Amino acid sequence: MKKIILRLLAALGVACGGVVFAKDVSLLNVSYDPTRELYRDINTAFAAQWKSQHGDNVTIQMSHGGSGKQARSVVEGLPADVVTLALAYDIDAIAERGLLAKDWQKRLPDNASPYTSTIVFLVRKGNPKGIKDWPDLVRSGVKVITPNPKSSGGARWNFLAAWGYALKQPGGNEDKAKAYVSELFKHVPVLDTGARGATNTFAQRGIGDVLIAWENEALLAQRQLGNNAFEIVVPSITILAEPPVAVVDSNADKHGTRDIAQAYVQFLYSPQAQEIAAKNFYRPRSADMAARYASQFPATHTFTIQEVFGDWHQAQAKFFKDGALFDQLVEGE
Amino acid sequence: MNAHARTRAIAWPRRLVHVALIALALVFLVMFLVLPLATVFVEAFDQGVKPYLAAIVQPEALSAIRLTLLVAVIAVPLNLVFGVAAAWAMTRFAFRGKALLGAIIDLPFSVSPVVSGLVYVLLFGAQGWFGPWLDQHGIKIIFAVPGLVLATMFVTLPFVARELIPLMQAQGSEEEEAARVLGASAWQMFFRVTLPNIRWALLYGVLLCNARAMGEFGAVSVVSGHIRGLTTTMPLEVEMRYNEYDYVGAFAVASLLALLALLTLAVKTLLEWRYGDEIPRTRPVDTRKRHGT
């Protein structure tokens, strides 16, 4: 018995001694699908910086999946210190459960989106179907790949980009937009559940003539699946996608990680992280870095969700809720 | 026409049917089992042995392997105990609700694994029935190892019991009663009479249970939270790597899973070959045959 107590004391001593010298901190970042490569690089850079400034070893754990599904998991108790999701609506859903302040989007610069992206087209080498802009997607014989907006954040951006395009044409109105998007989904043979699944369908399985995708996802696919098998087509007008980040207040407080979680999301705005974002094909917010990587990101006309749709709640209610416009379009077929 | 010629006339089409059936079975086997299995290994070694090994010794892969084994090591023995107890109750006692118990044991076979995972989220998730209580006491079930074990136990629950019940029914309880009459204690009877009688069926059940426990995807996917290196089992790791365009890595981990399955098969075959003469007495299939004739 005595021996056991002694051993326990010794173990305790070792544990406490460890705290004095260097803490081992771990942070869980719950993110969406296409950010896997981005955060692998960000995490390495942040851990190195934190170590040099504070001497503590920080391990950042990642969980990736469809944005909506990930938000759901955090609500169900996935202990995320930080969420970095595809759209504000999903973080709002977490805020509604009281896990973080409702004004989370105002706590960081630029709508709490340290990087942006747009929606572009990925076509096969040589662009055999001659896809140049949105109208080409609904020509007869063109097959379009896009994931399901009910489950995928990226797909919702795709949907809104298409809607916004149609609305902004000369003489465009709600009816014309509806007709265009309805026609567009008639050209979709497979609705994957997530953005990465759709990319795999298009690139690996060779289905479809054009993939509507995040610009970062399209550039990454071009690099990873290489050999110049694909080309990117930037449409004349598209949406500015702002994937937001936030500290999950109640989890961070519970884990005692608020400081480091806060430092982590702020680090995303630093020049170092902005460059990592650009290298991983996200458009950096910093004008400096944007200028340096300008050749990678062709200029295009973009509109924001606020300009065309008000906000995510209105867009969600109008298009993606059960029984809303998207369901009607699919059932109408 | 004499009798001899008639049999020959019948023999020809019969042989044709024989050959056709065997060929059909072979084609099916090759198409649906051998080819996909071969693809796994071909893709895994697509870029040679070195990248294959490198993919497997990555810390995430190693932790996935460790977690898969850990979950199996907890879930399989628990299901072994439960399976024996359930089979015992079902075959040695008459009680009300016996049919219901039988149906409940079969439930995991008929329920989709995804649904069984969701059930645990609804029970133990932060918004679930027991969620707030668990949270107050700092107990983590969902998105942690206990949740993975629970989900795995649920889907593998019937394997042991379903293997034992028909056998124990066929064997009856005469030998056990004889042991008791001759003065054996309950435990002596169980270890010296019952267990030796059911050991082969038990082993089969455990092997099947283990194979399923290691390969389970759906239920585990729902309760895992997909935290890399922490709550990712091998099947989840395969999916993740595939999604990261790491095809060699995905198939390398998949090939390990396939190897585990082949190992299970090899163990089973080896035991059958080594103890072949003993097995007929304690295998449900063969006892049924004995009773049938």
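This note goes through selected strands, helices and single residues of a predicted model with chains A and B.

1. Conventions. Residues are counted from 1 along each chain as its sequence is written, while chains are lettered from A and ligands numbered from 1 in the order in which they are written. Because the model is predicted, local features need pLDDT of at least 70 and side-chain atom pairs count only at pLDDT 80 or more, whereas totals for chains, interfaces and linings use all residues. Helices (H or I, at least four residues) and strands (E, at least two) are DSSP runs, numbered from the N terminus.

2. Burial of β4 in chain A. Strand β4(A), residues 115-124, is mostly covered, with 9 of its 10 residues buried. A residue is called buried if 20 or more other C-beta atoms lie within 10 Å of its own, exposed if 12 or fewer, and partly exposed in between, with C-beta atoms placed from the backbone.

3. Partners of β4 in chain A. Two strands are said to pair if DSSP finds at least two bridges between them. β4(A) is joined by 5 bridges to the antiparallel strand β6(A), residues 210-214, where Val120(A) has Ala213(A) as its bridge partner. Antiparallel pairing over 4 bridges links β4(A) with β7(A), residues 230-233, and here Arg124(A) stands opposite Phe230(A). With β8(A), residues 237-241, the antiparallel pairing of β4(A) runs over 2 bridges, and Ser117(A) faces Ala241(A) across it. β4(A) also pairs in the antiparallel sense with β10(A), residues 283-284, over 2 bridges, and Tyr115(A) has Pro284(A) as its bridge partner there.

4. The open sheet of chain A. An open sheet of 4 strands has the order β2-β1-β3-β9 in chain A, with mixed pairing. Its edge strands are β2(A), residues 57-65, and β9(A), residues 245-247, each of which pairs on one side only. From one strand to the next the twist averages 20°, where axes are lines fitted to C-alpha atoms, for helices over the stretch in contact, and angles run from 0 to 180 degrees between N-to-C directions. Helix α2(A), residues 36-54, packs on the sheet and touches β1 and β2 of chain A, its direction making about 165° with that of β2(A). Two residues are in contact if their C-beta atoms, placed from the backbone, lie within 7 Å. Within the sheet, β1(A), residues 24-32, and β3(A), residues 82-84, pair in the parallel sense over 3 bridges, and Ser31(A) stands opposite Thr84(A).

5. Helix α7 of chain B. Helix α7(B), residues 145-156, has 12 residues and reaches 16 Å from its first C-alpha to its last, close to the 16 Å expected at 1.5 Å a residue; the expected span is 1.5 Å times one less than the number of residues. Because 10 of its 12 residues are buried, α7(B) is largely enclosed by the rest of the structure. The buried residues include Gly147(B), Leu148(B), Met153(B) and Thr156(B), and the elements that cover them include α3 (59-92), α4 (98-110), α8 (158-171) and α10 (186-215) of chain B.

6. The crossing of α5 and α7 in chain B. The axes of α5(B) and α7(B) come within 10 Å and cross at roughly 135°. The contact is made by Pro113(B), Ser116(B), Gly117(B), Tyr120(B) and Phe124(B) of α5(B) and by Gly147(B), Leu150(B), Ala151(B), Phe154(B) and Val155(B) of α7(B). The two helices are therefore oblique to each other, given that angles under 35 degrees count as roughly parallel, over 145 as roughly antiparallel, 65 to 115 as roughly perpendicular and the rest as oblique.

7. Residues with positive phi. Most residues other than glycine have a negative phi. Asn127(A), in the loop between β4 and β5 (144-145) of chain A, has a positive phi near 45° and counts as partly exposed, with 17 C-beta neighbours inside 10 Å. Phe143(B), in the loop between α6 (131-136) and α7 of chain B, has a positive phi near 60° and counts as buried, with 28 C-beta neighbours inside 10 Å.

8. Arg223 of chain A. Arg223(A) is found in helix α8(A), residues 215-224, and is partly exposed, with 13 other C-beta atoms within 10 Å. Arg223(A) and Phe202(A) are 21 residues apart in sequence and 15 Å apart in space, C-alpha to C-alpha.
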